[in-house]
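Please read the numbered points with the sequence and the model at hand.

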Amino acid sequence: VQLQASGGGLVQAGGSLRLSCVASGITFNNYIMGWFRQAPGKERDFVAAITWRGGNTHYADSVKGRFTISRDNAKYTVNLQMNNLVPEDTAVYYCAAYLTRTWHIASISTARKYDYWGQGTQVTVSS
């Protein structure tokens, strides 16, 4: 199983980035897909998640209205469009896959529930 994240970089405040994560070795549409982030010295925090066919999404309050998660099951890809970035968004961003049949907000927001993780991609927002 491999989750390969890409798209991170350095951007000025107010700018945009699009992260992508390509999965292999799993039946992609059996998994809820999520994005988490971890800033230096902090815990890994939930960012966004999307249901198996993309019909429902959930976001952390801190990114709601600025970030959009999407998926393309034909390409085994989940994306995170990040707009109006602020310095507080600076972190390593991880994609993750969660094998479950239920969309339970408390669970999909919890990192330890996820089965597989990507290697992370660095996002740095300068002020």
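1. The link between Cys-21 and Cys-95 is right-handed, with 55 degrees about the S-S bond. The two cysteines lie 74 residues apart and join distant parts of the chain: Cys-21 belongs to strand S3 (residues 17–24) and Cys-95 to strand S9 (residues 91–99). The model is a predicted one, and in it the sulfur atoms of Cys-21 and Cys-95 are 2.0 Å apart. The count for the structure comes to 1 disulfide.

2. As a reminder, a disulfide is a covalent bond between the sulfur atoms of two cysteines.

3. The structure holds 3 salt bridges. One of them is formed by the side chains of Arg-37 and Asp-89, at 2.8 Å from N to O. Arg-37 sits in strand S4 (residues 31–38), whereas Asp-89 is in the loop between strand S8 (77–82) and S9, so this pair ties together parts that are 52 residues apart in sequence. Arg-37 has a relative accessible area of 11% and is therefore buried. Asp-89, at 1% relative accessibility, also counts as buried, the cut-off being under 20%.

4. Asp-89 takes part in a further salt bridge, with the side chain of Arg-66, at 2.7 Å from N to O. Arg-66 is found in the loop between strand S6 (57–59) and strand S7 (67–72), and Asp-89 in the loop between S8 and S9, so the pair ties together parts that are 23 residues apart in sequence. Arg-66 counts as buried because its relative accessibility is 14%. Through shared partners, the salt bridges join Arg-37, Arg-66 and Asp-89 into one network.

5. Another salt bridge is made by the side chains of Lys-64 and Asp-61, which meet at 3.1 Å from N to O. How accessible are the residues of this pair? Lys-64 has 48% relative accessibility and so counts as partly exposed. Asp-61 is exposed, with a relative accessible area of 67%; the cut-off for exposed is over 50%.

6. The largest pocket deserves a separate remark. Its volume is about 190 Å³. The lining of the largest pocket consists of 15 residues, and those nearest its centre are Arg-37, Ala-39, Lys-42, Asp-45 and Glu-88.

7. Which elements supply the lining of the largest pocket with at least two residues each? They are S4 and strand S5 (44–50). S5 gives the most, with 3 residues. Sorted by class, the lining has 6 nonpolar, 3 polar and 6 charged residues.

8. The last point concerns the largest nonpolar core, which has 38 residues; of these, Trp-35, Leu-80, Met-82 and Tyr-93 touch the most other members. Two or more residues of this core come from each of strand S1 (2–6), S3, S4, S5, S7, S8, S9 and strand S11 (121–126). S9 provides the largest share of the core, 6 residues.

Definitions and conventions:
Residues are numbered from 1 along each chain as its sequence is written. This is a predicted model: local features need pLDDT of at least 70, side-chain atom pairs count only at pLDDT 80 or more; totals for chains, interfaces and linings use all residues. Side-chain values use heavy atoms; hydrogens and water are left out. A disulfide is a pair of cysteine sulfur atoms within 2.5 Å. Helices (H or I, at least four residues) and strands (E, at least two) are DSSP runs, numbered from the N terminus. A salt bridge is a side-chain nitrogen of Lys or Arg within 4 Å of a carboxyl oxygen of Asp or Glu. Buried means under 20% relative accessible area, exposed over 50%, partly exposed in between (1.4 Å probe, protein chains only). On a 1 Å grid over the protein atoms alone, a cavity is a set of points where a 1.4 Å probe fits but cannot get out, and a pocket is an open set with protein on both sides within 12 Å along at least five of seven lines; lining residues have an atom within 4 Å of a point. Grid points are joined across faces, edges and corners, and a volume is the space filled by probe spheres set on the points. Ala, Val, Leu, Ile, Met, Phe, Trp, Tyr, Cys and Pro count as nonpolar, Asp, Glu, Lys and Arg as charged, and the others, Gly among them, as polar. A nonpolar core is a set of buried Ala, Val, Leu, Ile, Met, Phe, Trp, Tyr and Cys residues joined through side-chain atoms within 4.5 Å.
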